[in-house]
Structures are given as structure tokens and as C-alpha cells.
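Please open the model in your viewer and keep the selection panel at hand. The tour below goes from one selection to the next and says what is found at each stop.

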Amino acid sequence: MSENEQTTPEQRLDALTHAVQERFADKGGELHQDRGEVTLELPREVWREAAFILRDDEAFGFEELTDLCGVDYAGYGQAEWATEAASSGGFSRGAERGLEIDPHQPRRFAVVVHLLSFSKNVRLRLRTFLDTGFPVVDSLVEVWNAANWFEREAFDLFGIMFDGHPDLRRILTDYGFIGHPFRKDFPLVGEVEMRYDPEKGRVVYEPVATQPRTLVPRVIRSGKSYTPETIEKTEAPDA
Amino acid sequence: MPEIRNYTLNFGPQHPAAHGVLRLVLEMDGEVIQRADPHIGLLHRATEKLAESKPYNQSIGYMDRLDYVSMMCNEHAYVMAIEKLLGIEPPIRARYIRTMFDEITRILNHMMWLGTHALDVGAMTVFLYCFREREDLMDCYEAVSGARMHATYYRPGGVYRDLPDKMPEYEVKDSKWHSADEIARRNENRKGSLLDFIEDFTRRFPGYIDEYETLLTDNRIWKQRTVGIGAVSPERAMQLGFTGPMLRGSGVAWDLRKKQPYAAYDEVDFDIPVGVNGDSYDRYLVRVEELRQSNRIIKQCVDWLRANPGPVMIDDHKIAPPRRATMKNDMEALIHHFKLFTEGYCPPPGEVYAAVEAPKGEFGCYLISDGANKPFRLKLRAPGFPHLAAMDEMVKGHMLADVVAVIGTMDIVFGEIDR
């Protein structure tokens, strides 16, 4: 670990990107570098194999899996408010409340893993996209035991299956819960609510009575005015 | 000979030693644990999904409510992720204030942990002592943010406001409970600014730590209950995703404050305590030493903050609100204010992971932006989550009473585990 103190984060990052490129180019790995972080996108088929390499190979030494999560990319880049058109109108005329989500879009579900190497003092993000119809990927529990609960969580919240997981049960939602709440087509207010029914003498589940509402519309302001380089030089946005 | 079989014991979710809403299903052989199956999620509020429906700044308050005994550290990870997305840097004074309050938070958290852990194991006094000191630190929270716990003090680009020049005092009124003399005594160290009060605390605090140590470190009962309990080897600790004192207790010298410094940690002087045996007692020693080191960091921050006044928020009104006085005269400032609070800001598309060394371990925040004014996906990496996942491995073969000691040593808080 003493050698790390002499290297800068940039040097460590360079060494990592080189090693990753060398080792994973032929496995279909795609490397992205953004804001000082490295992301390796892998095909689903090599997921576990790559994990073993990243843990055991001298060049990587990722001893720890810090985080694993599911992502639902449905509706990525969609806004509720066409800002250009609405400038002359207003929120009530401009906004289309609720997003149109295509549950069958390809490349909808992904699993994202964050790895940490204590010996090299670097982080790496792995991502793999899954089939939309039946999202399944190899489990990483035998590579890093820490993946156990994280995979259970991704299964619970997104319905992503992990092949080879020893105990794939729901973890965060209620006993007997139906659906996968973190999918983008699952409403924020939920599907059911519960209350105590004095007549029946037990807790009953009913469809939710509350309406979902949008307080602030989802807006995408594109253009250069929001990039860090130009952010201070621009005038106020269309007000 | 009677038939002998294992039986299943349900522990919690409403049990004072379950530290919140942990439900443990224990398979017992007599009094020995064969298997422990923690059931979590009883405090699940879907914070991450909720954040997807709100502009970035409106979710800062939810971060306080995750790990509700180390509030500002959670905020820190979240605002750091936003700052990384936007590509901005807070001013140096804000970084020192954050460092100081992170350490105040660490003391708050470790006090809570020490008090409840000792209480679970059977020492009442430590609990009362710890809560006495927590009061002073919560007063610091209140002085800067107005709230004793859920501060929402860190903002992208800095902190909400500068440290107050005047520490609030107790009021002298006709009280049935406190005499005027007593109130005057309680106000003695509150005569100056917040920094004076904190400095006074850093002077008193090492003595308090000695008090706890007198009660525990060489205490026969404490050692019987913690030495050799829940021992984890360094290899297993890494496999199981441990971070923070849980990892350092096992002998791995890893601390984000040293290894991947953020805020002003590379400019202050402190040491990282590391355990040897990886048992509950070593983790206790590590955390107690962290209290002393935090105190040291706070002292250095106080000195720096006294000497270096300056801005505590960036001067970019697309991200930080303009001053109220400016808004009265300046149309552009008014528009900025209006747009910021009705719509927020749109970070450029991309994804970032920002992590801080929270008192319990690595608290990480993974943010995906698609260019909108709300996060597309927020994932919070709670340190307690993998720790609790290791419950089965840590208590297997121990007695039922040790389960309570292991829950204590893990420093479990359900706000962050269930999210």
C-alpha cells in the first residue's frame, strides 16, 4: 500500500484503464471514462468470468465489491415539459404529466457493480445490460460474498434474476408483496394500501386511494448553458 | 431419551436490543445459534425512488433520515455526488466546515453506538454519560441549521450558511426545574461564538473519553462479553464487503479520509487506528480511538476557520441561491432564485459515484443523470447493509446473549439499511 502514496489518482486510473483494455477488449468489454471514473460495460455472458479475473488477477486485485444495484433505463432522457414550447405558455399548458414508458424497450435493465481495490486504491464500475423480457444474469455471490444481499435487493426492487444465487428471496418489501417497486412503470404511490379493518378484525389491503401528483415537472435543459465550462458565462435561462 | 431438535426463535422486530426494527429468525441448538436469518425492510421508505421524483436539492433532507445518527455525513456523500456531476468545487471554507461537522457527526454517532452497545451488554452509566455529550454536539447542529438532527446543512456548492457569531444560550425564566444559578452555569461556555463553544468542547472531551474508558476498557464483564465475540479475519471482512471500523477492527488499514481524501482531510493531521483480532473488543478500541482522533481534527478545523474567513457557498446562482438583499434590487437575481426553487438545475448527463468515510463505514452515493432536473437513478450504498448481511457468519456458534453484543458491535441503524 505504501506505493500508492506516491502515485496520483490520475496515474492509478491510467494504469487501470490500460490493464482493463488489454484484458477485456477481446471479451467484448467497452470502456468509458468520465469525470475521473472508469466504467466497464460487459456482455452478460462473461459477467462472472470477468468478475473472477478482476478479483484474482494481479493487475486488478479488486478485493471488495462495495455496491451492486439494478437500474431500469426505461424513460431515460424523457421530460415532462417541452421547455421551448412552454416558454410562451406555462406549466399547465406545457407539461405532460407522467412519462410514456415502453416496458418492452431493448436494453432496459442493467446491473451495475462498484468494485474497490484496497491494494491498488482504485474503483471500477461494471455494467451489463440484460434481456428486457426475462432479465437474468449470473450471480456474483461466489466471487464476492457481499453480493448476496445486494442481489436480493436488485431482485426484489427490479425483478432481476441472478443465476446461481443461493437464496434469492425478497429482502426490503413486505411479506407477500406483488411487483417490483423500483421499475419505472411502478407508480410512486404504490398499488395497494393497508389499514386495520375493525369488522374483519385484521389488516386488509386495498387499492391505493391517493393520486400520484407532480409538484415539479421533469425538465431537460440541453445546450451548452449547463456544462461546467460555460455555466458561469451564460445569461439567465428563458424566464 | 427424549427427542432433541433445534428450535426456531423469533427475535424482534420490537425488542430494545434490536436497535430499531431488526427481525431475526434464529435457529437454536439449546442456547447456541445454528443459523441467523435477519429479516429487514420494516423501515423501507423507498428513498431512492422518491428522489427520482424530486429536484436534486429537495432530497438532501431525506439523506439525514437515512442513517439518522450520522446525518451530515450522509448529506456529504449526496452533495459530493451532485458536485461531481456538475463539475463544481465548494470554497475552501465550506470544505473545512464540512470536515469539522463530519467529525462532530462521527462523535455523535460513536457516542450513540457506545452508549447503546454498553447498555445492551449491561452497563447503564455509559449510556447516560454518552447522551450528556451528545446534547452539546446537537446544540452545534442547532446553532448552524436550526435543527438538532435533520440539518439539511450541506448544499451542492458549499454549506447553507456561515457559522454563527453567537452561540444560543439557555433562557432565564421562572422555571420550576432549574434555578437561575444553574442556568447561568449552563450558559458559561455559551457566551462566545459557535467556534468558541466547539473549542471548549474539544478541551473537555478527552476527559470524557477517559471516563468511558475507565468504565469499560479494563472492565471484566465488558471484556468477557466482547473479547473473541464475532471475530472476523481480514480476508473474510473484505469478502463480506465490510468498511469503516468493522474493516479496520479486522486489521485492514483502509480509511477513505486518508486514501481518497475529500473535503479538507488531506490538510488536517490525524491517525487511523487499526485492530488486531477483529473481534468486538478490537472494534470497540478502534472506535474509541476514532473519538480522540475526531476531536483532534475538530480542533484543527476550529483554528483554521477562526483564521480564514471567506465565502461558504459558490457564487453561481444557477446552483446556489442569490442573497436575499440582492434579490430586492436585482431582477436577474430574482429570476435566478425563482428558477432555482421552482425547477432546480440540470446537471449534464452522466453517472458518478461519490463516497465518504461515514462513521459506520463507506457511505456511497451513485447518481445517474440523464440531463434532467431530477436524478434518473439514485443508489445509496449504506455501510450497515453488508455488515448486517454478515450476521449469520458472525453469530454462528455463539450463544443467544452474544447476538445482542454482535448487533451492538455492528453499529446497526435501520434508517440506512432499509432506506
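In which loop of chain B does B:Asp411 lie? Select B:Asp411, and you will find this residue in the loop between helix 17 (400-410) and helix 18 (414-418) of chain B, where helices (H or I, at least four residues) and strands (E, at least two) are DSSP runs numbered from the N terminus. Phi of B:Asp411 is near 60°, a positive value in a residue other than glycine, and B:Asp411 is buried, with a relative accessible area of 5%; buried means under 20% relative accessible area, exposed over 50% and partly exposed in between (1.4 Å probe, protein chains only).

Before going further, note that this is a predicted model, in which local features need pLDDT of at least 70 and side-chain atom pairs count only at pLDDT 80 or more, while totals for chains, interfaces and linings use all residues. Residues are numbered from 1 along each chain as its sequence is written, chains are lettered from A and ligands numbered from 1 in the order in which they are written, and side-chain values use heavy atoms, with hydrogens and water left out.

Next, select the whole of chain B, which has 18 helices and eight strands. The C-alpha trace of chain B spans about 90 × 60 × 40 Å along its principal axes, and 61% of its 419 residues count as buried.

Within chain B, move to B:Arg98, which is found in helix 4 (residues 92-121) and is buried, with a relative accessible area of 2%. Leaving aside neighbours within four places in sequence, the residues in contact with B:Arg98 (heavy atoms within 4.5 Å) include B:His76, B:Glu83, B:Tyr154 and B:Arg155.

Now show both chains together: 72 residues of chain B are in contact with 72 residues of chain A. Chain B and chain A bury about 6,000 Å² between them, 55% of it on carbon and sulfur atoms, where buried area is the accessible area (1.4 Å probe) that two parts lose on being put together, summed over both. Ten salt bridges are counted between chain B and chain A, each being a side-chain nitrogen of Lys or Arg within 4 Å of a carboxyl oxygen of Asp or Glu. To display a salt bridge, select A:Glu153 and B:Arg419, whose side chains meet at 2.7 Å, N to O.

For a last stop, select A:Arg107, in the loop between helix 4 (91-94) and strand 4 (109-117) of chain A; phi of A:Arg107 is near 50°, a positive value in a residue other than glycine.
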